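The entries follow the order in which I looked things up.

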Amino acid sequence: MTGCLVIEGLCKRYGEIVVADGVSLSLARGECLGVVGPNGAGKSSLFNLITGVAVPNAGSIKLEGRELVGLRADVRARLGVARAFQIPQPFAHLSAYENALAAASFAARLPRAQAEREAWAVLERTGLADRADTPAGRLPLLDRKRLELAKGLAARPHLLLLDEIAGGLTEAEVQVLVALVLELKKDVAMIWIEHIAQALMAAADRIMVLNFGRKLLEDAPAAAMDSREVREIYMGVGEEATETLEAGHATA
Ligand SMILES: Nc1ncnc2c1ncn2[C@@H]1O[C@H](COP(=O)(O)OP(=O)(O)OP(=O)(O)O)[C@@H](O)[C@H]1O
């Protein structure tokens, strides 16, 4: 397989609980893979395995051809793995600029002058430049989400992992966030775990469905969201009901 990110045969279990069951995927720069699945499917665990928070029992995770398994989390961050969280995690008392600067200085390990330039650049890019002096804790939620993305970008990632970042936003704010994600994805490979379906429909190139750590399917967004697997997971539509539904469509 080729790609910016190539995962092969990833396995992880906690006792009886299987969170990754032979997961493989390949992602190019400029692509966004949406990930959906019910609670406990292994979505966050996938990110933990990629970032180095968790150690797989088997499998390979290559970023730009380099094996990440076996490397510490901070080394992976320096090699270009960044993660943005659902609950933004800024230093609340520091300004937006200082937060971006901290990310550029520590995650990307840039020298001071370069880190300062990078911090301004990512604030501009995420639409936060005019709030640079505002303490992060006083930013409204959408701006804290922007800052979470800015911090991820300041680390100069090859791979940006978005962990339910649309959570808590209004529909209009989700659209603003999606527009920003679409702009950012040009330069990185992106995986977006998200419960808000319209966000993934708008931003993802493909959607992967996970359940019990297993990849059930990976397809174009509309096909994936319309699949029996997703309908069963999200709407509780059993197999019989799904067949009836399909038969109804066929004869309509
Ligand atoms: N460190 C751990 N030790 C033991 N069990 C764990 C650990 N991390 C995750 N699990 C379990 O693995 C399963 C998958 O968890 P994970 O957080 O990956 O699911 P998820 O798909 O992200 O779910 P959600 O949508 O609720 O966030 C859960 O049953 C969880 O309790």
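**Entry 1: after H3.** I began just past a helix. H3 is followed by Arg109, whose phi is positive, near 55 degrees. Helices here (H or I, at least four residues) and strands (E, at least two) are DSSP runs, numbered from the N terminus. I noted that this is a predicted model, where local features need pLDDT of at least 70, side-chain atom pairs count only at pLDDT 80 or more, and totals for chains, interfaces and linings use all residues. Residues are numbered from 1 along each chain as its sequence is written.

**Entry 2: H3 itself.** H3 covers residues 96-107, 12 residues in total. From first C-alpha to last it reaches 16 Å, close to the 16 Å expected at 1.5 Å a residue. The expected span is 1.5 Å times one less than the number of residues. Which residues of H3 are buried? I found Ala96, Tyr97, Asn99, Ala100, Leu101, Ala103, Ala104 and Ala107. I call a residue buried if 20 or more other C-beta atoms lie within 10 Å of its own, exposed if 12 or fewer, and partly exposed in between, with C-beta atoms placed from the backbone. The buried residues of H3 pack against H2, H4 (112-125) and H5. Contact is counted when the C-beta atoms of two residues, placed from the backbone, lie within 7 Å.

Entry 3: Ile87 sits in the loop between S6 and H3. Buried or exposed, I asked of Ile87? Ile87 counts as exposed, because it has 11 C-beta neighbours inside 10 Å. I also checked Ile87 against Gly152: they are 65 residues apart in sequence and 14 Å apart in space, C-alpha to C-alpha.

**Entry 4: two domains.** The chain is divided into domain 1 (1-80 + 159-224) and domain 2 (89-156). These bounds come from an automatic or database domain assignment. The domain centres, taken over C-alpha atoms, are separated by 23 Å. In domain 1, 12 residues are in contact with 14 residues of domain 2. On the side of domain 1 that touches domain 2, H2 (73-79) and H6 each supply at least two residues. H6 gives the largest share of that side, five residues.

**Entry 5: H6.** That sent me to H6, residues 171-184. H6 has 14 residues and reaches 20 Å from its first C-alpha to its last, close to the 20 Å expected at 1.5 Å a residue. Its buried residues are Val174, Leu177, Val178, Val181 and Leu184. Why are they on the same side of H6? They cover an arc of only 120 degrees around the axis, and this puts them on the same side. The arc is that of the directions from the helix axis to the C-beta atoms. An α-helix has 3.6 residues a turn, so residues three or four places apart point the same way. On the other side of H6, Ala172 and Glu183 are exposed. The buried residues of H6 pack against H5 (141-154) and H7 (197-203).

**Entry 6: the four-stranded sheet.** Next came an open sheet of four strands, in the order S2-S1-S4-S5, with antiparallel pairing. Two strands pair if DSSP finds at least two bridges between them. S2 (17-27) and S5 (66-67) stand at the edges with a single partner strand each, so one side of each has no neighbour in the sheet. S1 (5-14) pairs with S2 over eight antiparallel bridges. Ser26 in S2 is the bridge partner of Val6. H1 (43-51) packs on this sheet, touching S1, S2 and S4 (58-63), and its direction makes about 65 degrees with that of S2. Axes are lines fitted to C-alpha atoms, for helices over the stretch in contact, and angles run from 0 to 180 degrees between N-to-C directions. S1 and S2 form a hairpin with two residues between them, and Gly15 in the turn has a positive phi of about 60 degrees. S1 and S4 pair over five antiparallel bridges. Leu5 stands opposite Leu63 in S4.

**Entry 7: the six-stranded sheet.** Six strands form an open sheet in the order S6-S7-S8-S3-S9-S10, with mixed pairing. S6 (81-84) and S10 (214-219) are the edge strands, each pairing on one side only. S9 (206-211) and S10 pair in the antiparallel sense over five bridges. Val209 stands opposite Leu217 in S10. H5 lies across S6 and S7, running at about 175 degrees to S6.
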